[in-house]
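Trainee: Could you take me through one part of this model slowly? I would like a close look at a pocket and what surrounds the space.

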Amino acid sequence: MPEQAIPEHYLDGYADALAEVAATGRRLTREELAVRRSLGEQAADAGHGLRALVAAHLAAARAAWPGTPGSADSTLAAVQQAVDAFAEGYERAQRLAVRREEAARREFIDDLLYGRSDLGRLAQRAERFGLRLSRAHAVAVAEGPAAFAEGDPVTRQVERAVLARFDTRSILLTTKNGRLLCIAPGDEDEILTHFAQQASAASDGCRVAVGRPQHGPGGVVQSYEEALATLEMAARLDLDGPLLRAADLLVYPVLARDRQAMADLVSHTLGPLTAARGGPQPLLDTLTAYFDSGCVAAEAARRLALSVRALTYRLERIHKLTGADPSDPAHRYPLQTAVIGARLLDWPAKPL
């Protein structure tokens with residue numbers, strides 16, 4: 001497309017100043033430089049490209065080039081001053097525009113994730129940032145050993161890797177409370193999977209949770225809150241894997257919903273373990289490893305750095321104290337549910 005024509009008023013006073021400089025050898029005055037900066041800001045606000053503006057100034061300088069011998073050096077010095085001042089004003093306006101855009105983006109993200117704005121207006125604002133809230137969206141939240149921040153090397157690395165592969169107009173990456181977020185269309189799961197891979201690779205020990213796709217302006221909030229709850233659940237249960245999906249872990253929120261009932265189950269089923277020498281924690285760890293390994297004694301013993309004989313002794317001790325046999329399928333479900341409940345309630349570290 002051809003460059004937009006530069007209006008002549010951006011060059012007001014320029015040729016006259018060059019002529020006077022050529023005649024006297026003086027430099028541009030403070031007032032003249034201030035005018036050039038002001039015109040540079042106005043040109044930036046009007047959307048004119050810096051390249052075209054510089055070209056217009058150079059063309060004007062050529063048209064007004066004086067014929068006086070020996071005046072070329074002072075004239076070129078004035079050209080340099082004028083263009084530098086003009087570009088300074090232009091860049092100042094651009095920096096201000098960037099700050100305004102960043103502030104508007106942060107305000108939008110806060111309203112989007114906390115649901116504090118009118119949903120209709122929120123949907124209109126979302127289009128400016130590439131989101132169409134009428135469709136379903138899902139949110140992935142990455143949490144690492146170190147906090148993520150806007151503009152830091154790890155954040156930029158992940159952002160470049162994601163945006164280089166997928167359509168940037170439908171993805172929003174940002175940070176919130178030290179976490180890195182990716183908001184993407186709910187039917188494009190490969191975006192969030194790739195985001196999780198890149199975040200894990202860029203930040204050692206990073207864990208990523210993905211909320212379920214939800215429709216409408218309030219859907220982003222729901223998916224975001226699901227992802228946060230999944231991260232919290234994963235930390236309590238020490239779940240393995242860099243990528244955790246809320247849809248795959250729905251059983252845990254169900255179990256935790258009735259806290260009193262869960263506390264009663266833990267107290268009734270696992271409370272007798274407090275009578276063990278050394279307290280309940282070693283036996284609770286034994287049950288956790290046993291169930292996590294698919295009730296395979298050899299694998300559970302390996303995870304605990306025990307012999308199979310020592311593990312078997314611990315299982316027998318659990319059976320004797322609780323009356324529930326971990327190897328008996330009839331006892332396994334309530335016992336495993338109680339173990340999960342203990343982890344959710346942080347028992348025995350916290351009283352029930």
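Mentor: Happy to! Let us begin with the second largest pocket, which is lined by 13 residues; nearest its centre lie Glu226, Ala229, Thr230, Met233 and Pro253. A pocket here is an open set of points on a 1 Å grid over the protein atoms alone, where a 1.4 Å probe fits, with protein on both sides within 12 Å along at least five of seven lines, and lining residues have an atom within 4 Å of a point. This is a predicted model, in which local features need pLDDT of at least 70, side-chain atom pairs count only at pLDDT 80 or more, and totals for chains, interfaces and linings use all residues. Residues are numbered from 1 along each chain as its sequence is written, and side-chain values use heavy atoms, with hydrogens and water left out.

Two elements each give two or more residues to the lining of the second largest pocket: H8 and helix H9 (251-257). Helices are DSSP runs (H or I, at least four residues), numbered from the N terminus. H8 gives the most to this lining, with 6 residues. By class, the lining of the second largest pocket has 7 nonpolar, 1 polar and 5 charged residues. Ala, Val, Leu, Ile, Met, Phe, Trp, Tyr, Cys and Pro count as nonpolar, Asp, Glu, Lys and Arg as charged, and the others, Gly among them, as polar. The volume of the second largest pocket is about 240 Å³, taken as the space filled by probe spheres set on the points, with grid points joined across faces, edges and corners.

Of its 24 lining residues, Leu237, Asp238, Thr288, Asp292 and Arg343 are the closest to its centre. Helix H8 (219-237), helix H11 (281-292), helix H12 (297-304) and helix H14 (329-344) each give two or more residues to this lining. The largest share, 8 residues, comes from H11. The lining of the largest pocket divides into 13 nonpolar, 3 polar and 8 charged residues.

One more stop: the structure holds 1 aromatic pair. The ring centres of Tyr290 and Phe291 are 5.9 Å apart and their planes lie at 55°, so the pair is tilted. Rings of Phe, Tyr and Trp (its six-membered ring) pair if their centres lie within 6.5 Å; planes under 30 degrees apart count as stacked, over 60 as edge-to-face and the rest as tilted. Both Tyr290 and Phe291 are buried, meaning under 20% relative accessible area with a 1.4 Å probe, protein chains only.

Terms used
Buried means under 20% relative accessible area, exposed over 50%, partly exposed in between (1.4 Å probe, protein chains only).
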